Amino acid sequence: MHKSQSALIATLSLAMLAAACGGSSTSSGGSAITFAAPVSQTGAFGQAEGLYTFQGYKFCVQTVNSQGGIKFGGQSHTINLVTQDDQSVAATSAQIVDQFNDQGYKFILSPYGSGGTTAVAPVVERNGQVMADSNGADTAIFSHGYKNTFAVLSPSSAYVTSIIDALATLSPAPHSIAIIAASDGFSQHAAEKGVVEAQAKGMTILPSATSYTSSTKVAANATDVSSALIALKGSNPDVIIIAGHLNEAVAAIKQSSELGVKPKDAFAAIVAPPTPAFITALGKSAEGVLGSTQWVPEISTSDNIFGNAKQFLTNFTNTYGWSPNQYPYQAADAAAACEAMVLAIEKAGSTDPTAVRGALAALSVDTFYGHIQFDSTGQNSTKSMYVIQVQKGAFVTVYPSNLATKPAAWPAIS
Amino acid sequence: MSVAGATSEELARVLHGRSRTRRELLREWIRSRTIANTWPLLLGAAGFLAMVGLQQAIEPGTQRLLASVFMFIALAQAWNIIGGYTGYASFGQVAFFGLGAYTAAVLMTNYNVSFWIAMPAAILVGIVFAVVIGVPLLRLRGHYFAIATLGAAEGAKEIVNNLTGLTGGGSGITIPTFGTNSPTPYLGKPGFYLAFLIVAAASIAIAAALARSRFGYAMIAVHQDEDAAGSVGINTTWVKVVAFAASGAIVACVGAFYGFQQIEFYPQDVFDSSFTVLMVIMVVIGGSGTVAGPLVGAVGLELLSQFLRVNLGAYNQLIFGAIIVAVVVFFPQGVVNFFRDAWQTRHLSILDNVRRYRL
Amino acid sequence: MSQFLQAAAYGLVQGGLLALVAVGFSLVWGILNVINLSHGALAVTGAYVAWLLNTRFGLDPFLAIPVVAVCLFALGYAIQRWLINLVINAPIFLTLLLTFGLSLVILNVLQLAFTADDRSVETAYASQSFVIGTVNIPYGRLAACLLAVAITAVLVVMMTRTRIGRAIGATGMDRGAARLMGIRARHIYALTFGIAAALAGIAGAMIATVGSFNPTTTPTQLTFDAFVISVLGGLGNMYGALVGGLVLGVAESVGGLLLTGTWVNAIAMAVLIFTLIVKPSGLLGKAQYSGRV
């Protein structure tokens, strides 16, 4: 029957039209905003830290877009994430960010690591772009007077000091520690501040307070740290702290039993232990190792985008297939950097880089990541670092005590 | 001219092996220029002007890409001088690159020296280093020379790495480019495009001049049979060291510009052995022992590797390696030489090429 | 003093492992006059094979050695027979480039398949050590060191006593003459490369057990160490790599103690250049090999 069919079609079309017009939210769609990031998909960081950072950025963009995007001035803008592989080479990251500028991308998310971030920061400064730094902690980056780079993570000075503070709360507290430090700026600086903190807590540094610059200094990314361990032979430290990245920590733990240079209580390391790659590399030898981390899921702050830390962990690990016991904290750093950029744009109410830069400088907000606020150099000194311990292949938060889920296994070495 | 009527001036000239004055020689040379023997010079000048003009038409991002192409042209030409013509395959040219970069950076950062003084200083350092390691190492040949220069490059890197007070060591060095501290304003992408273009043009000119001069013949003679060359009176040590120093000076100059362009770098960035590898690959694939070979190789490979990096992400190194293998197997004498031979013999066969060096 | 003794002892066993890496490299260089820049890549391939066998089937790495050797032998034979033989008569840098390109391909395949993460093979005993006085000697590295000595001895016997071994030696001395004697040079070359690849694979399996490895930095370090040891020990003599490895191991270990750990590579370099200038044929090498272009 033609009449009723056409009436039906007309009604349906009218209904669809009505739905399309009136069905969207109160704000209408604005133009997309681009976040551009050099990511390490190949090379040394290719499948580990670079991957975690990339996933963090993607997760943040997906989450924000699913909630309608960045909203200001009565409009919502979806985020368009543009990335390019920098092959884990700092010079390539800088070149990519320069090319981003030519394409008009002013909002930059940092590459992984202090090396890449150090190379990109002057480029960002020169081009008038704005960068949210997720994983470049070296304080040297912020000593040149750059105004356009803002780091959400705690600076390098906190990496070893947080471990020392955690050790001081254990009983029996260790009296002597040894620090093996890699030769790159980040590790050396972390070690330097750690030595100061340890002495303030009354601990002795073995073999001497400056040996992290000489006899216990190792080449960055070294897979053989025997010279540092042999230099420690006979001094019997309670704790050996490795200030470096994954390779140095793995090598030190493996070679220590070869050389018979084991600490009495435990090993500790920065950067490496709270990553899945550490457990894959060491297996059972990773048990009991302490590590400082930028984020744990037990922190209590929350925000409107990700919820609280536990919800972030659940959603992130479900999306990318990680185990909630072996989560990569670099992804949380990345998501937080991206979130800071989002909040700044919303606060500035525009996409003008100068306005957004000003909004970032004035930002003071609680998020799933903790408190984000930047000092005059662009670092986030309002957030502290936490310490985890590897127990039965899972990351267990042990410091500070109000966030600890279980007591630390102490001494960790029998 | 007769001996009897010769003046003492003319006698002196003849005893030095010249039958005419320099001015007469120059006039003769200019008069003898035809299109057939001037076309490389004209082509080069035209190319240079074209590149300068191109700068107006492209965006800064592409300028940076082309600047890196020019950089590799200069590096390839420099390697060709010692590796292609003289036959001493140096695997440590990156030592000059790093030393040039660090000299410029240290002078600019620690002593607030202008870049235009630091860059010649870098060239000087390159020449001195070439002489210092060249004299003992150029006595070795073949594989041994290659490894020895590789060792020298790694050694230079380690020394720079450990002189933490001067160079910052593993923490890197940053050239101040902002505010009152900076000795020279940053050149910017257009500035560096022009700078690298000029360096590339200069390196091509130097390589061409060397190749066609007596010195060039001496280099080729040393390459083909060093003992025979020595026995006809060529001072082979002098030839080798000068070639090594020329090559080192160009690489050091490029290194200084690169360091300035990067602003912030670590030892492993500027002593990266992949620079050496790329230099060698570009010359060999283009065609060693020619002027056009390194040019073709540098342009082709640099554009290829940029293209691969941007478009093929995770697979780019893999494909790059496969392409190297393929080109070495199919064009062992280099692309330019292959096409030149094919043109001259009117015979184009890639399969014959494969059979050329096989067992 | 005890630190010095420990450094020396550790350097010795470390050197044994390095010698194992270098002996195949030295063989290829001496016989084929090819510097195999993909040697480190082949070693790491062996490491991955051992790792796979250990994680999938729980096979102890020392027991996995025969499997690793066979796999790598086949791979090496194929590479030499159908790839490197194509440019063997070309100037040296062509073979260098070819092996470099090959190493890029192998390493990136490994990286795509296994990711760039560090890996190692877990064994209960490899990191344990026994103590003599105050000096600890780790079991894993000691076993690798003894294996290196054993393999070198076997190679020497093979080279001097068996027909194949003497054919290889003859081809290395004068390829033309060897062919005239009826030796199939292509096959012999491929055989030699296959043996070298198998040795590299075994070395890789050992490295996986006592340390860790990844497809980005480990291969370069291994190839570089193999270079230095081959030059130091000299070509043309099977014991050269062994002696070179031990000397380098001790030099690096003791040097790392006296200077800081960051000078280790510089020490290797200094040793290399010193050897090249003073005695290019190496500690044990035959003089005929020192003039090779």
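This talk describes the chains of a predicted model, the contacts between them, and several helix pairs.

Good morning. As the model is predicted, local features need pLDDT of at least 70 and side-chain atom pairs count only at pLDDT 80 or more, whereas totals for chains, interfaces and linings use all residues. Residues are numbered from 1 along each chain as its sequence is written, while chains are lettered from A and ligands numbered from 1 in the order in which they are written.

Let me begin with chain C. Chain C has 11 helices and two strands; helices (H or I, at least four residues) and strands (E, at least two) are DSSP runs, numbered from the N terminus. Along the sequence, the order of elements in chain C is α-α-α-α-β-β-α-α-α-α-α-α-α. The radius of gyration of chain C is 19 Å, which agrees with the value near 19 Å for a compact globule of 293 residues. That radius is taken over C-alpha atoms, and the globule rule is 2.2 Å times the number of residues to the power 0.38. Taken along the principal axes, the C-alpha atoms of chain C fill a box of roughly 60 × 50 × 35 Å.

Of the 293 residues in chain C, 65% count as buried. A residue is buried if 20 or more other C-beta atoms lie within 10 Å of its own, exposed if 12 or fewer, and partly exposed in between, with C-beta atoms placed from the backbone. Among the contacts in chain C with a separation of 6 or more, 78% are between residues 24 or more positions apart. Two residues are in contact if their C-beta atoms, placed from the backbone, lie within 7 Å.

Within chain C, helix 3 (residues 61–82) packs against helix 8 at an angle of about 145 degrees, with the axes 6 Å apart. Axes are lines fitted to C-alpha atoms, for helices over the stretch in contact, and angles run from 0 to 180 degrees between N-to-C directions. Helix 3 of chain C and helix 8 of chain C make a right-handed crossing. A crossing is left-handed if the near helix is turned anticlockwise from the far one by less than a right angle, and right-handed if clockwise. The residues of this contact comprise 23 nonpolar, five polar and two charged. Here Ala, Val, Leu, Ile, Met, Phe, Trp, Tyr, Cys and Pro count as nonpolar, Asp, Glu, Lys and Arg as charged, and the others, Gly among them, as polar.

I turn to the contact of chain C with chain B. Chain C contributes 38 residues and chain B 36 residues. On the chain C side, helix 4 (92–114), helix 8 (185–210), helix 9 (218–233) and helix 11 (264–278) each supply at least two residues. Helix 4 of chain C gives the largest share, 13 residues. By class, this side of chain C has 30 nonpolar, six polar and two charged residues.

Chain B itself contains 18 helices and two strands. Its radius of gyration is 22 Å, close to the 21 Å that the globule rule gives for 359 residues, so chain B is as compact as a globular protein of that length. Buried residues account for 48% of the 359 residues in chain B.

In chain B, the axes of helix 5 (residues 94–110) and helix 12 (residues 236–262) come within 7 Å and cross at roughly 50 degrees. Helix 5 of chain B is therefore oblique to helix 12 of chain B; angles under 35 degrees count as roughly parallel, over 145 as roughly antiparallel, 65 to 115 as roughly perpendicular and the rest as oblique. This crossing is right-handed. Its contact residues divide into 14 nonpolar, six polar and no charged.

B:His223 lies in helix 10 (residues 214–224) of chain B and counts as partly exposed, because it has 19 C-beta neighbours inside 10 Å. Leaving aside residues up to four places away in sequence, B:His223 touches B:Tyr85, B:Thr86 and B:Gly87.

Finally, chain A. Here 26 residues of chain A are in contact with 23 residues of chain B. The chain B side has seven nonpolar, 11 polar and five charged residues. Within chain A, the axes of helix 11 (residues 329–348) and helix 12 (residues 353–361) come within 8 Å and cross at roughly 115 degrees, and these two helices of chain A are therefore roughly perpendicular to each other.
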